[in-house]
Amino acid sequence: MDYDMIIIGGGPAGLSAGLYASRANLKNLVLEKAEAGGQIATTSEVDNYPGSPKDATGPVLSQRMKDQCEAFGTEFRKEECKEIVKEGDYFKIVTNKETYKTKTVIAAMGANPREIGCKGENEFRGMGVSYCATCDGFFFRDLDVAVVGGGDSALEEGIFLTKFAKKVYIIHRRDELRAVPSIQDKAKANPKIEFILDSVVEEIKGDGLVQSVRIKNVKSGEESDLPVDGVFVFVGYYPSTELIKDMATLDESGYVLAGEDMKTNVPGLFVAGDIRKKVVKQVITAAADGAIAAVLGEKYISEHFE
Ligand code: NAP
C-alpha cells in the first residue's frame, strides 16, 4: 500500500501531523499500536492546552484530535510498527500486520515512562505499582498511596489521586520540586498530600500486593518503612527511538536531533513531539512539531517527487 506520508505514533504530535497532512491533500496514515493520544491518553487533566475546557480529560482530548484528523481524510490503523527501511527515495514500513511504501515518514513515537529501578518495582507491577493514575487511581479508594517524583507529572497525578486515596505521599529525591510553581501551589494546598523530600524509595515491599515502601533520607541516611497500598511512579520518560536509532542522529540521552524544521539527517524522515530533543515538552509543542513536520514533509514531496 502506497502513501505520501506515514506517521508513526498517534499522540498529539502524530495526530496534528495527520490533520495538516490531510489538509495538504496528502494520502496519509497514522499507525498507533495502542489507543490514540500517547501520553495524554493516560493523563487525568490537560488544562494548559488552549481551548481545552475543564471537562477535557486526556482521553477526551485525544479522541477529539483523532476524530478531527479522520474527518479530513487521515487513515488510522491500530498496528505496531516493527521496521522502517529507506529503499531508494521511498521508505518501507513493516508492521505486525502489513507492509507499506511511503514517500515520507514522521516519527512521532513519543516517550515511555521511566522506572525507579528499585527492588520490588517489577515484582509488584500491576499489584500496587502503577505508571498511570488515570488507569489505576480508582482501585485505591480510601487507601494510602505513594507517588514518586517531583516533576509536573508527579504533582498533577498526585493531585488527581486525592480524588480516590485517603492520603497521597509525594516522595522526591531533592528538597526542591521540579514542577512549575502553579502546580506546586495546588499540590501544597491539598490537605490529602504530604511531601517527603530528600528521600528515595529503596524497596517496594508486600505480600502479593504492595504493603509498604522502604524510604531512605539521602541527607541523614536514615531509613524507614512507610505503609502504603500503592506506588505511582512518575520519574520522567525515555524516548521511543528504537525503530530509527540506526538511521537518525540521536543525542546522548537517545532523543532525535532535528531543527525547528523537524528534518532529521535522513531525507524524507521527519520527527515530531517528545521523541525530539527540545527544551519544552508539552502537548502544545508536540502539536506544533506535528504541524511543522507535515508542512515541511509536503514541501519535500513536491520538490522530490513531482
Ligand atoms: P520530569 O520533568 O523529567 O521530572 C521527573 C522527576 O522525577 C524529577 O523530579 C526527577 O528528580 C525525578 N526522578 C528522575 N529519576 C528518578 C529516580 N530514579 N528516582 C527518583 N526520582 C527520579 O518528568 P515529568 O514530570 O514526567 O514531565 C516530563 C515533561 O512533560 C516535562 O517537560 C513536563 O514539564 C511535561 N509535563 C507537563 C505537564 C503540564 O504542563 N501540565 C504535565 C506533565 C508533564 P529531579 O527533579 O531531582 O531531577
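1. How does D225 count by relative accessible area: buried, partly exposed or exposed? In this predicted model, D225 is partly exposed, at 41%.

2. D225 has a salt-bridge partner, R214. Their side chains meet with 3.1 Å from N to O. D225 belongs to strand β14 and R214 to strand β13, so the bridge ties together parts eleven residues apart in sequence.

3. R214 also pairs with E223. That salt bridge has its closest N and O atoms 3.1 Å apart. E223 is partly exposed, with a relative accessible area of 36%. R214 is partly exposed as well, at 23%.

4. The K219–D198 pair deserves a look. These side chains form a salt bridge at 3.3 Å, N to O.

5. K219 counts as exposed because its relative accessibility is 60%, over the 50% cut-off. D198 counts as buried because its relative accessibility is 12%, under the 20% cut-off.

6. Now the wider tally. The count comes to 23 salt bridges. One network joins K27, E75, R77 and E79 through salt bridges that share partners.

Technical notes. Residues are numbered from 1 along each chain as its sequence is written. This is a predicted model: local features need pLDDT of at least 70, side-chain atom pairs count only at pLDDT 80 or more; totals for chains, interfaces and linings use all residues. Side-chain values use heavy atoms; hydrogens and water are left out. A salt bridge is a side-chain nitrogen of Lys or Arg within 4 Å of a carboxyl oxygen of Asp or Glu. Buried means under 20% relative accessible area, exposed over 50%, partly exposed in between (1.4 Å probe, protein chains only). Helices (H or I, at least four residues) and strands (E, at least two) are DSSP runs, numbered from the N terminus.
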